[in-house]
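Here are my notes on the model you sent over. Please read them with the structure open.

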Amino acid sequence: MAKLDVVIRHGEIVTGAGSIGCADIGISDGIIVQIGGALAGHLELDATAKLVLPGGIDAHVHLSVPPEEEDVDPSWVDDYTSGSAAALTGGITTLGSMAFPASGETPLAGLEREAAIAREQTIADLFLHPVLDHVTPQVLDEIPKLLDAGCNSIKVFTVLSNFDCQVRSYVEAIRRAGDNGLITLIHCEDYALIEDATARLVAEGKSSLRYYAESRPVISEVVATERAVAFAEATGAPVYIVHLSSARALEVCAEAQSHNLPVYVETRPLYLHLTRERFEDEDGAKYVGQPPLREQQDVDALWAGIRQGVVHTVCTDHAPWSLAAKLDPAHTITNLRPGVADLDTMLPMLYSEGVRSGRITLSRLVEVTSTNAAKLFGLYPRKGTIAVGSDADLVVFDPELTLTIEGSVLKSNSDYSAFEGWQVTGWPEVTLRRGEVVLRDGEIIGQPGSGTIVPRGATNPL
Ligand SMILES: [Zn+2]
């Protein structure tokens with residue numbers, strides 16, 4: 001029997017469609033070439049009593065500093081190499097990173113500039129979402145060309161001060177994106193309502209981060225989400241709501257989905273595991289993200305949304321800071337550093353708190369951390385599943401391994417975790433990216449630059 005490059009033996013194979021039982025997986029040239037039957041490999045991995053999952057796809061991370069903020073100190077502490085190390089440790093083999101344009105730069109030029117940096121550094125496979133800030137006629141003209149360049153998404157922020165004066169252009173951008181096989185990611189918080197709430201709190205002397213949740217009220221997310229739904233209805237183009245945090249905004253999306261509007265929902269672990277009381281902690285600033293933490297009823301609604309298929313993806317929005325930068329005593333509700341590092345911990349925590357505790361099934365976990373993102377971001381079935389012909393992006397996952405989260409030992413350069421001290425059962429033992437063992441027993445083996453920027457096809461409806 002001819003030997004394949006790698007054989008993974010006796011693992012229980014789980015995809016978004018369910019468990020396909022215990023079988024051996026044969027890998028050659030980075031591709032899955034056989035499942036089951038007689039196999040021999042130059043490298044054989046024993047996955048007895050382990051799960052074999054498709055590599056995670058985290059479609060929302062920040063591994064590069066926006067060009068305008070390059071001189072701002074401190075900034076985010078991960079690059080594509082350390083971000084990859086964190087991702088692979090946590091069973092994520094493909095990353096979707098936000099690419100902010102330099103001033104006056106068009107989407108294609110921004111992609112090219114960012115890709116040149118990323119190609120040298122990344123270990124995980126990667127794709128980039130060009131952020132639109134100033135929607136000029138030149139930017140609009142480039143949108144139909146993005147898919148040919150392997151890019152099937154754009155990102156917009158309703159929360160920026162210049163959003164409202166450009167809404168007409170954003171609607172046109174979303175329409176052109178949809179007409180050309182692209183999906184539009186939208187950060188849904190209303191700029192004016194946040195400014196208003198914040199100014200009132202400051203006037204009352206409530207500018208400390210204890211009042212962070214009040215400064216970005218649920219209604220600001222609800223109204224921005226309603227607008228995103230309106231954009232989808234007016235243009236017929238798919239929209240993808242990033243980091244949705246509240247039950248009420250989720251309700252808006254569920255209603256839209258019931259009318260068959262192409263409205264997709266991402267949430268992130270902060271909103272599944274924590275509530276706003278954390279902002280009252282002495283070190284509450286370390287939990288600050290945009291939107292803020294919400295109430296227990298919101299947490300419950302998001303878990304239910306994952307179960308029911310209203311929430312399609314769980315992504316980290318990995319935005320890594322040092323603890324000192326995050327706890328800067330000068331911070332207030334008008335001056336803060338949003339975002340947390342979460343690539344090491346997202347998938348194990350979803351398994352531990354979601355699957356083991358009976359909130360979601362294992363196949364649902366695979367769908368929201370891999371398969372659905374692969375479909376929406378034009379990578380399926382090359383990625384997002386375990387099948388003959390797919391990339392061998394695989395995680396040998398030990399469902400019984402219990403570890404306590406310690407931010408200082410995680411692979412992200414961020415030196416703390418928002419989930420410090422949590423006991424988590426279920427961790428990756430081996431991670432393979434296109435057939436190459438890149439993580440084994442907690443050690444990163446993959447080399448910077450070995451990841452590729454993956455070309456994407458048109459978005460697929462779910
Ligand atoms: Zn983000």
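**Notes on the model**

1. Start with helix H10. Its buried residues are Asp-298, Val-299, Leu-302, Trp-303, Ala-304, Gly-305 and Ile-306. Buried means under 20% relative accessible area, exposed over 50% and partly exposed in between, with a 1.4 Å probe and protein chains only. Helices (H or I, at least four residues) and strands (E, at least two) are DSSP runs, numbered from the N terminus.

2. A word on the basis. This is a predicted model: local features need pLDDT of at least 70, side-chain atom pairs count only at pLDDT 80 or more, and totals for chains, interfaces and linings use all residues. Residues are numbered from 1 along each chain as its sequence is written, and side-chain values use heavy atoms, with hydrogens and water left out.

3. Gly-309 follows H10 and has a positive phi, near 85°. The cover over the buried residues of H10 includes helix H8 (247–258), strand E12 (263–267) and helix H13 (362–376).

4. Now the metal. His-60 (NE2), His-62 (NE2) and Asp-317 (OD) coordinate the zinc ion at 2.1 to 2.2 Å. Donors are N, O and S atoms within 2.8 Å of the metal (3.2 Å for Na, K and Ca); water is not among the atoms, so sites may look incomplete. The donor spacing in sequence is H-x1-H-x254-D. His-62 sits in the loop between strand E6 (56–61) and helix H1 (80–89), and Asp-317 in the loop between strand E13 (313–314) and helix H11 (323–326), so the pair ties together parts 255 residues apart in sequence. His-62 is buried at 6% relative accessible area. Asp-317 is buried too, at 8%.

5. The largest nonpolar core has 102 residues. Such a core is a set of buried Ala, Val, Leu, Ile, Met, Phe, Trp, Tyr and Cys residues joined through side-chain atoms within 4.5 Å. Leu-53, Leu-95, Leu-132, Val-263 and Leu-365 have the most contacts inside it. Domain 1 (4–53 + 392–444) and domain 2 (55–376) both contribute residues, so this core lies between them. The domain bounds come from an automatic or database assignment.

6. Finally, strand E8 (residues 125–130). 6 of its 6 residues are buried. Asp-125, Phe-127 and His-129 point one way, and Leu-126, Leu-128 and Pro-130 the other.

Terms used: Contact means heavy atoms within 4.5 Å.
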